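Please walk me through this structure.

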Amino acid sequence: MRLSPKIVLSSNLILAPMSGITSLPYRRLMRKFGCELAFTEMINCRSLAYRSKSTADMLASSGDDRPLGVQVMAEDENYLLKGLERLSAYDFDLVDFNAACPRKKVTSKGRGASLLREPKKLAAMLKVLVDNSRLPVTLKMRLGWDNSVKACDIALSAQDAGVSAVCLHGRTRRQCYSGQVDYAAIAAVKKVLKVPLIASGDIFSPELAKKMFDETGCDAVMLARGALGNPWIFSQIKEYLKTGEILTVPAPDDVAAVMRDHFAMSLDFYGSRAGVRQFRKFFIWYTKGFSHARPLRMKVSMVNTAEDMLDMIENFRAVCFKPRKGQGAWQN
Ligand SMILES: Cc1cc2nc3c(=O)[nH]c(=O)nc-3n(C[C@H](O)[C@H](O)[C@H](O)COP(=O)(O)O)c2cc1C
């Protein structure tokens, strides 16, 4: 898939932006399993102006973390331009604009999915972004605010504004994460666009990835919840699309090895205190569905040191056995 003369992807599996999750350690781990393009979590253009440690963490990258998109959100052109100016000091491959976040604290300020109610304003902001960015621009959107009637028009005006691709979560803002992904509505958007369409929503298994490709004709799929505690999903989807084979579910030894690797990157990036704190949620996702893991999962919120976290991982390896059904945090 070609996003710009410089960004030509050989893989059609992309890591979706996830707030509080897709930081540098997580992205580096996912890339080891076949994710090619990844995104930072959403960054508010207003907070780019304040050089806080948390914003610096969100902007951090490394040589093995490419290609990388930075995702920004803003309520108006003014903040957008200020944010862009700050980003010029960083080395990203593309800029993604968030018109998808359903959270009230975001939409009540006129950011995220709330812009889907103001298609003209959204198109104008995208044009400003395209005209003032040295990087290709993409748009992350939902189908609409409370229905999908305008999805094609919004995507088309983004294309007219010059975006290089549209990433589409196949739900409305009203649905948040409930109900079904609307495959037909994604297919309708794909049909009208010339730029690539990257589809998002409920890719929890190789079969669901194939369903997304088959039913929408999308150019690539974007994985979010399906990759939590389950980086293997990238290699599983790749294999399934190529051969129809489902790779075997990783054993506790494999899961423990990946957890140790991920935890080491977390310590390295955040330091020991925050590194342990950040990793707790991932321990819960990695161990979901394994027999005998429940007591460990209940205890992990009290773990404060790297030694104790490594003990927890070793306990998991020694005591737990294979998932009851499926695999991955959101499947059971
Ligand atoms: C914890 C979490 C955080 C998210 N943060 C962002 C974000 O920062 N920016 C964004 O565009 N979408 C965000 N999303 C939405 C995902 O990128 C994705 O579009 C959505 O979860 C649907 O995909 P899925 O069904 O594979 O999870 C987030 C989703 C989750 C679950």
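In this predicted model, 21 residues surround the ligand. The closest are A16, S19, M42, A224 and R225.

Now step back to the chain. The domain assignment gives domain 1 as residues 13-243. Domain 2 covers residues 252-323. The C-alpha centres of domain 1 and domain 2 are 29 Å apart. The two domains touch: 7 residues of domain 1 are in contact with 10 residues of domain 2. On the domain 1 side, 5 of the touching residues are nonpolar, 1 is polar and 1 is charged.

Next, look at two helices. Helix 6 spans residues 119-132, and helix 7 spans residues 151-161. Their axes come within 8 Å. They cross at roughly 25 degrees. Angles under 35 degrees count as roughly parallel, so helix 6 is roughly parallel to helix 7. The crossing of helix 6 and helix 7 is right-handed.

Which residues make this contact? Helix 6 supplies P119, L122, A123, L126, K127 and V130. Helix 7 supplies D153, I154, S157, A158 and A161. By class, the contact of helix 6 with helix 7 has 8 nonpolar residues, 1 polar residue and 2 charged residues.

Technical notes: Residues are numbered from 1 along each chain as its sequence is written. This is a predicted model: local features need pLDDT of at least 70, side-chain atom pairs count only at pLDDT 80 or more; totals for chains, interfaces and linings use all residues. A residue is near a molecule or strand if its C-beta atom, placed from the backbone, lies within 6 Å of it. Domain bounds come from an automatic or database domain assignment. Ala, Val, Leu, Ile, Met, Phe, Trp, Tyr, Cys and Pro count as nonpolar, Asp, Glu, Lys and Arg as charged, and the others, Gly among them, as polar. Axes are lines fitted to C-alpha atoms, for helices over the stretch in contact, and angles run from 0 to 180 degrees between N-to-C directions. Helices (H or I, at least four residues) and strands (E, at least two) are DSSP runs, numbered from the N terminus. Angles under 35 degrees count as roughly parallel, over 145 as roughly antiparallel, 65 to 115 as roughly perpendicular and the rest as oblique. A crossing is left-handed if the near helix is turned anticlockwise from the far one by less than a right angle, and right-handed if clockwise.
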